Amino acid sequence: MRKLSRASIVLGLLALVVVAVAYGARSHKSASDTLVFGSSADPVALDGALISDGESGRVIIQIYEGLVALKPGTTNVVPSLATSWKASAGGKSWTFSLRKGVKFSDGTPFNASAVCANFNRWYNFTGSFQNPSATYYWQTVFGGFKTYDPKSGAPKGSLFKSCKVVNASTATINLTSASASFLGALSLPSFFMESPTAMAKYGANQGSVDADGVFHPTGTYATAHPTGTGPFMLQSWTRGDKLVLVRNPNYWGKPAHLSTLIFRPIADNAARLQALQNGEIQGYDLVEPQDISTIKSDGNLKLLSRPPFNVGIVGMNQSIAPMNNLKVRQAVAYGLDRQSVVNAFYGGRGVVAKEFQPPSLFGYAKNVKTYAYNPAKSRALLKAAGLKLPVKISFWYPTSVSRPYMPDPTKNFQAFSASLTKAGFKVVPHAAPWNPDYLGGVQDGKAQVYLYGWTGDFGDPDDFDGVFFRTPQNQWGFHNKAIFSILTKARDEPTLSKRIALYQQANRMLMDFLPGVPYVHTSPALAFTKNVTGYVPSPVDIQLFSSVSVG
Amino acid sequence: MSVAELESREVMIEGAGAGLWSDALRRLRRNPGAIVGAVLVAIFVLVALAAPLLAPHDPRAQDLNLIIKGCCPGPSAHHLLGVDDLGRDELSRIIYGARLSLLIGIVSVSVGLSLGIVIGAISGFFGGWIDSLLMRLVDIMLAIPGFLMAIGIVALLGPGLFQVMIAIGIVNVPIFTRLLRGSVLAQRENDFVLAARAVGVRRRTILISHVLPNAISPVIVQGTLALATAIIDAAGLGFLGLGPQDPSTPEWGNMLTDTVRYLQTAPFLAIFPGVAIVLSVLGFNLIGDGLREALDPKLRGRA
């Protein structure tokens, strides 16, 4: 017995030594030019054309570049692989002058034929590549493909017409109709330039759709050999463990400060915070409101904020009575205590939304109709609509999801439900898991009143108002020709000053018509250790790490 | 033996029969564990019944102004156990939560107990192919872990308070069935059953008025213990989001789920409902254990 305990003491000491050595080794390593970033999940694939999620985009933007980019910290379009561009034929034809001397990381040159090869690849996708889960952004921005496949779910007809090589450093993109939002969209990871040689070599055009309707690439290009012109290159990727990027030594621009950039997926938010506190990672995104005070009070950590570029909405479906009655929609708007919800649940990082688009974006109107919390007015409106109080409404809210505009949907629901009850409604709760039940139900038009929201992808009001209200949608259940036509007109108008006026008018019309009640714009937070510098938070969820250094 | 002697013996037997319960009660009173259990359960039931009188606030009333500085202010004079992430009084929610837990416990155990008694009695008393068939069904149910089966049933019926009660009740059925069948089997071959049969008493009457009363005591013990597990299971199902659909319902399991994310900043929000669950479950377990010892014939007359 005595021997045993002595042995265990020795073992314990040994273990301590091992831990101490390991800890020393790790802290030594973190002082170098390596940064470990805690992501919330693995990327889906490292081929921009085939993804629509933020975690993929976060990695892709380090490896690839687009013709245009967003100026760091803003949504303004600036040159990237294209140095300048010119629209002609009334906005139907766009000529890009390309940066000279740029090479993909496999050594092949970037030129006009590479640009056209990329556009033609996207336009010629067939079969499973036309599935909305594969090419979401192509379908959102450009519509359909060269060959229309009714089984795929992709729309018929495309905004893209052709791509022409003028000379080695000039390419022209022809569109089927004028579009002003097209240029901003080219800053999306889905339209980044990829090496045609590498794509052919590693089977970038192989993929299939699984039983759940989700697309997966089957070649090795998107998982092991992504090849772009960006400041970083993929070294290795072990799913569920880490994705390692290294500096691209032949980058045309200013080389990255970091020699190694590692993304570690940690799904649980609390676990990410702990990993940051104990030095396993040096930064993570989407800090939850309740952790903000912890991070602020920790001397080793710092908090960065993204400019608000999202909107939280209480949606209303007008195809389910009595939501078709404007008075009832107004009663809902006056009955939502938005100010209290924003004050209580957003850790001081939210503002009450007055319109469906964020204030930082052009087209935001100053003088829209506002709806301050007033339960007495709600009850009066409901009575004026000829309804007997309390008015029963079915209120949907999602579970197992956290979004920048609704960190905890259940809490938003409970607070709104309580304030609506005071305003003369009887709220029937309906909870469903975010994906697929909730989103499916809402988009099919089954939800009467529901929590919804949006984070912008690029700096254009069409990405907010247009996404929701430019076309008839089951989820809103209305046909308002005036609203549809003004949003279409605003999207296609080539002159910026006219576009601004059109969107301002559209925003005023929307807040009178009240298809939903926008309630919050938030400024999502990122956390880093104090020694990380040079990270400029972007309003959209992804940005470059090339300017980041660990000191 | 004369008739008088026989009559006096009968009186003695009846006296002994009545003594089973009074004896058990006497021994229960001398068991300190059982007394603690009884006190805990009494408090639990009292709180549940008198919730509207005891609770200082409406358990659903929110005060978002209280949490503007972050979640969540701890205990204060106005809110003895603090408020939760929607500014609702934690103490009132725990008091009302006792109500739901008691309701869930009683309803689900009643469901399990009544179904279990019927199936177990039929199976044990009639035997033969009925017994084989019913026992194989019970075997199948026992092969699935209880909590897993409860999750499956709720998934099938859809989440909700009533569904949770049904699910936990059904999970309890095979346990009660087995227990009662075993003790009915033991009683079935006794001389008094043979005697009753000999004088022509109907089988149903024999089962209900002669066999069941003698076979029921282990089931009652199990019933008390099952109340405890029912409360835990209900909290577990609530924790997994299968409980009451209205998230503002003050249910202990729900309260735990809602506050997991504040474990670092406001741990009391998880501790208080946790303690409430532990104490009520402990109470029922202690009483159950005490009852088992008190009713065990081998231990009779010892204490």
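The buried residues of helix H10 (326-335) of chain A pack against strand E15 (310-316), helix H12 (375-384), helix H13 (409-422), strand E18 (425-433), helix H17 (496-513) and strand E20 (516-522) of the chain. This is a predicted model, in which local features need pLDDT of at least 70 and side-chain atom pairs count only at pLDDT 80 or more, while totals for chains, interfaces and linings use all residues. Residues are numbered from 1 along each chain as its sequence is written, chains are lettered from A and ligands numbered from 1 in the order in which they are written, and side-chain values use heavy atoms, with hydrogens and water left out. Helices (H or I, at least four residues) and strands (E, at least two) are DSSP runs numbered from the N terminus.

**Helix H10 of chain A**

- Of the 10 residues of H10(A), 8 are buried, so the helix is largely enclosed by the rest of the structure; buried means under 20% relative accessible area, exposed over 50%, and partly exposed in between (1.4 Å probe, protein chains only).
- The buried residues are A:Val328, A:Arg329, A:Gln330, A:Ala331, A:Val332, A:Ala333, A:Tyr334 and A:Gly335.
- At the start of H10(A), the backbone nitrogen of A:Lys327 has a side-chain oxygen of A:Asn325 within 2.9 Å.

**Interface between chains A and B**

- Chain A contributes 22 residues and chain B 15 residues to the contact, where contact means heavy atoms within 4.5 Å.
- The two chains bury about 1500 Å² between them, with 50% of it on carbon and sulfur atoms; buried area is the accessible area (1.4 Å probe) that two parts lose on being put together, summed over both.
- B:Pro247, B:Arg261 and B:Gln264 supply 34% of the area that chain B buries against chain A, more than any other three residues.
- The side of chain B that touches chain A has 6 nonpolar, 5 polar and 4 charged residues; Ala, Val, Leu, Ile, Met, Phe, Trp, Tyr, Cys and Pro count as nonpolar, Asp, Glu, Lys and Arg as charged, and the others, Gly among them, as polar.
- Between the chains there are 4 residue pairs in polar contact, both residues at pLDDT 80 or more; a polar contact is a pair of N or O atoms within 3.5 Å, and within protein one must be able to donate a hydrogen and the other to accept it, with residues adjacent in sequence counting only if both atoms are side-chain atoms.
- The count of salt bridges between chain B and chain A is 0; a salt bridge is a side-chain nitrogen of Lys or Arg within 4 Å of a carboxyl oxygen of Asp or Glu.

**Salt bridges**

- Over all chains, the structure holds 19 salt bridges.
- A:Glu55 and A:Arg58 form one of them, at 3.0 Å from N to O; both lie in helix H2 (residues 54-63) of chain A, 3 residues apart, about one turn of the helix.
- A:Glu55 is buried at 11% relative accessibility, and A:Arg58 is buried at 5%.
- A:Arg58 also forms a salt bridge with A:Asp285, the closest N and O atoms being 3.0 Å apart.
- That pair links distant parts of the chain, 227 residues apart, with A:Asp285 in the loop between strand E13 (283-284) and helix H9 (292-296) of chain A; A:Asp285 is buried, as is A:Arg58.
- Another salt bridge joins A:Asp460 to A:Arg499 (3.0 Å, N to O).
- A:Asp460 lies in the loop between strand E19 (449-455) and helix H15 (465-469) of chain A and A:Arg499 in helix H17 of chain A, so this pair ties together parts that are 39 residues apart in sequence.
- Both A:Asp460 and A:Arg499 are buried.
- Salt bridges that share partners join A:Glu55, A:Arg58, A:Asp285 and A:Arg306 into one network.

**Disulfide**

- There is 1 disulfide over all chains, a disulfide being a pair of cysteine sulfur atoms within 2.5 Å.
- It joins A:Cys116 to A:Cys163, with an S to S distance of 2.0 Å, and is left-handed, with -75 degrees about the S-S bond.
- A:Cys116 lies in helix H3 (residues 112-123) of chain A and A:Cys163 in strand E6 (residues 160-167) of chain A, so the bond ties together parts that are 47 residues apart in sequence.
- A:Cys116 is buried at 5% relative accessible area, and A:Cys163 is buried at 14%.

**Single residues**

- A:Asn118 is in helix H3 of chain A and counts as buried, at 0% relative accessibility.
- Leaving aside neighbours within four places in sequence, A:Asn118 is in contact with A:Phe192, A:Met193, A:Glu194 and A:Met199.
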